[in-house]
Number of protein chains: 2
Amino acid sequence: MPRILAITGGVGGAKLASGLASVLDPSDLAFAVNTGDDFEHLGLKISPDIDSLTYALAGINNTETGWGREGESWNFLSALKELGGDTWFQLGDKDLALHLHRTTMLNKGKTLTEATEAIAAKLGIRHPIIPMSDQPVSTLVDTCDGELSFQNYFVKEKCEPEVNGFRFQGIESASLQAKLDQWIEGCQGIIICPSNPYVSVDPFLKLNGVKEKLAKIPTIAVSPIIGGRALKGPAAKMMRELGISSSAESVAEHYSAFIDGFVIDEADKESANSIKIPTISTNTVMLTLSDSISLAENCLGFLERFL
Amino acid sequence: MPRILAITGGVGGAKLASGLASVLDPSDLAFAVNTGDDFEHLGLKISPDIDSLTYALAGINNTETGWGREGESWNFLSALKELGGDTWFQLGDKDLALHLHRTTMLNKGKTLTEATEAIAAKLGIRHPIIPMSDQPVSTLVDTCDGELSFQNYFVKEKCEPEVNGFRFQGIESASLQAKLDQWIEGCQGIIICPSNPYVSVDPFLKLNGVKEKLAKIPTIAVSPIIGGRALKGPAAKMMRELGISSSAESVAEHYSAFIDGFVIDEADKESANSIKIPTISTNTVMLTLSDSISLAENCLGFLERFL
């Protein structure tokens with residue numbers, strides 16, 4: 001098997017990640033995870049994308065809500081509400097344990113990478129989950145209501161304000177995590193999972209030197225846009241507001257400088273011809289782990305063409 | 001009704017406090033609470049004695065365990081255990097909300113008094129709960145295993161190491177909370193609740209100037225020792241280890257310099273004669289709120305003698 005790096009953001013990415021982890025050994029697959037959504041809330045250091053992937057790979061993600069942990073309870077949050085605390089960000093009782101434990105480790109001087117590794121190990125995850133950087137990068141959303149931190153935009157404002165653009169605070173001084181740099185050096189292929197191109201994948205791509213590294217390695221991307229819509233999250237709405245057609249073609253165009261192949265859903269089959277990059281169409285809607293495994297296998301088969 | 005200050009520590013004190021709060025108006029009764037047990041754990045600022053009183057006065061204390069909140073759940077702690085976090089201190093999901101909310105307020109610059117007031121108001125508590133001081137005081141227990149922080153001794157070591165003495169770190173530079181000072185100025189009587197004299201009441205008494213202030217005001221104390229034993233907690237064990245007879249007489253002796261009257265349990269009736277301070281015996285075992293109210297009424301009746 002070739003050695004693969006998968007780049008993931010939120011929940012859609014985590015679904016393909018689960019499929020890839022089912023077919024590739026931990027020595028052949030690592031994950032680079034967006035940290036632009038990370039934020040501090042009630043003194044807790046929260047890394048939503050790392051957590052989505054961690055819960056998915058540990059098999060303890062909540063498949064009904066699409067976020068958080070399975071079998072979650074909300075007694076902390078209801079008691080906090082009673083006390084007049086800030087409850088706009090949903091913190092389940094079990095999820096809170098992860099945030100508090102990570103915060104404790106970070107406050108003791110561990111890096112985000114070390115904290116992520118320690119948590120993953122305890123949950124029995126064997127594939128490396130590597131934050132894109134140990135230096136803070138904050139995704140800021142420029143909206144009609146002014147610049148909002150990502151979680152304010154995403155959770156508090158429910159993605160309602162119209163988007164004009166994005167800024168990744170700290171990106172110039174953040175370095176690609178050294179383990180990721182090493183992994184990229186030795187990897188044969190890269191898969192960009194179906195995550196939001198603008199807020200989940202771009203922070204990673206905009207880290208110093210990353211695009212140049214990717215351009216040298218066979219890379220494919222999976223479209224998060226299906227039939228003009230995102231299955232989850234604001235990607236399609238953002239594209240329309242940015243004046244970009246919300247289509248798989250637009251996603252291919254966004255990545256065109258450094259990808260070798262593109263994967264679209266079979267619903268978009270007809271647009272394959274209008275995409276200038278080699279493109280396959282397949283089922284990209286992952287309702288079950290079996291769907292994720294099929295898509296993972298199709299992606300790996302497609303990627304082989306470019307090795 | 002006279003204006004009363006009640007001095008309380010842990011759970012025994014909180015029981016009498018509930019009785020007093022049932023018979024006296026909020027304008028006639030305030031509570032001075034020990035903060036020597038306060039500590040920081042997992043980044044949370046925890047005030048066990050303030051919390052015991054807060055939960056008791058709000059009527060949401062767990063009467064079965066004798067500590068914590070009623071209807072508590074433990075999903076946070078079990079998830080933290082799974083992640084390898086520190087779980088020696090029992091943090092229920094609802095209780096955690098209070099600690100995190102207080103910590104957020106303190107980190108934003110509020111005083112412990114302000115944070116305590118805000119929480120009490122949200123829980124519908126009308127009687128003032130006032131921390132003995134806004135400056136940190138830490139009770140340290142000198143044991144055969146060396147000096148231990150109070151929670152380490154009390155929770156982690158389950159009060160097992162033999163006690164040689166106590167030290168209240170920070171006591172010299174801590175001031176009596178200004179609102180307490182004011183309340184004491186205008187109060188007619190003081191009741192020392194049946195809390196541990198050495199670790200729950202002494203920190204308050206050892207604050208600069210407090211004993212002198214108390215000596216000028218009619219003050220009674222209720223013995224936490226009944227028939228040579230403490231109903232809860234390590235008071236009797238500590239007394240034996242310190243070479244003090246674990247009796248109500250010893251408690252009276254401990255407070256003798258500034259109390260006017262002493263209340264013992266009817267089980268100790270016979271020892272009333274050997275106590276040099278005016279003493280009454282009554283039921284001091286508070287199994288129900290009705291028991292707490294009876295004891296409160298008896299204490300207030302007794303205190304009237306000294307006004």
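Reader: Quick one to start. Is Phe306(A) buried, exposed or partly exposed?
Author: Phe306(A) is partly exposed, at a relative accessible area of 22%. Buried means under 20% relative accessible area, exposed over 50%, and partly exposed in between, with a 1.4 Å probe and protein chains only.

Reader: What should I know about the source and the numbering?
Author: This is a predicted model: local features need pLDDT of at least 70, side-chain atom pairs count only at pLDDT 80 or more, and totals for chains, interfaces and linings use all residues. Residues are numbered from 1 along each chain as its sequence is written, chains are lettered from A and ligands numbered from 1 in the order in which they are written, and side-chain values use heavy atoms, with hydrogens and water left out.

Reader: Back to the ring. What kind of aromatic pair do Phe302(A) and Phe306(A) form?
Author: Edge-to-face, with 5.2 Å centre to centre and 80 degrees between the planes. Rings of Phe, Tyr and Trp (its six-membered ring) pair if their centres lie within 6.5 Å; planes under 30 degrees apart are stacked, over 60 edge-to-face, and the rest tilted. Phe302(A) is buried, at 2% relative accessible area.

Reader: How many aromatic pairs does the structure hold?
Author: 18, over all chains. One of them is in chain B: Phe150(B) and Tyr153(B) are tilted, 6.3 Å centre to centre, with 45 degrees between the planes.

Reader: Where do Phe150(B) and Tyr153(B) lie?
Author: Both are in helix 6 of chain B, residues 150-156. They are 3 residues apart, about one turn of the helix. Phe150(B) and Tyr153(B) are both buried. Helices here are DSSP runs of H or I with at least four residues, strands are runs of E with at least two, and both are numbered from the N terminus.

Reader: Which residues form an aromatic cluster in chain A?
Author: Phe39(A), Trp88(A) and Phe89(A) form one.

Reader: And what sits over the ring of Trp183(A)?
Author: The charged end of Arg3(A), 3.8 Å from the ring centre. In chain B, Arg3(B) sits over Trp183(B), with its charged end 3.8 Å from the centre. The test is NZ of Lys or CZ of Arg within 6 Å of the ring centre and within 35 degrees of the ring normal.

Reader: Switching to the sheet. What is the strand order in chain A?
Author: 5-2-1-9-10-13-14. These 7 strands form an open sheet with parallel pairing. The edge strands, pairing on one side only, are strand 5 (129-131) and strand 14 (279-282) of chain A. Two strands pair if DSSP finds at least two bridges between them. Neighbouring strands of this sheet are turned by 20 degrees against each other on average, direction ignored.

Reader: How many bridges link strand 9 and strand 10 of chain A?
Author: 3, in the parallel sense. Ile191(A) has Ile220(A) in strand 10 of chain A as its bridge partner.

Reader: What does helix 12 of chain A touch on the sheet?
Author: Strand 1, strand 9, strand 10, strand 13 (261-265) and strand 14 of chain A. Its direction makes about 150 degrees with that of strand 10. Axes are lines fitted to C-alpha atoms, for helices over the stretch in contact, and angles run from 0 to 180 degrees between N-to-C directions. Contact means heavy atoms within 4.5 Å.

Reader: Now helix 1 of chain A. What do its buried residues pack against?
Author: Among others, strand 1 (4-8), strand 2 (29-33) and helix 12 (289-304) of chain A. The buried residues of helix 1 include Leu16(A) and Leu20(A).

Reader: How far apart are the end C-alpha atoms of helix 1 of chain A?
Author: 19 Å. The 13 residues, 11-23, should span 18 Å, which agrees. The expected span is 1.5 Å times one less than the number of residues.

Reader: What does Met105(A) touch?
Author: Lys110(A), Ala115(A), Ala118(A) and Ile119(A), not counting residues up to four places away in sequence. Met105(A) lies in helix 4 of chain A and is buried, at 9% relative accessible area.

Reader: Last topic, phi. What is the phi of Leu42(A)?
Author: Positive, about 55 degrees, although Leu42(A) is not a glycine. Most residues other than glycine have a negative phi. Leu42(A) is in the loop between strand 3 (39-41) and strand 4 (44-46) of chain A. At 15% relative accessibility, Leu42(A) counts as buried.

Reader: And Lys158(B), buried or exposed?
Author: Exposed, with a relative accessible area of 60%. Lys158(B) also has a positive phi, about 50 degrees. Its place is the loop between helix 6 and strand 8 (163-169) of chain B.
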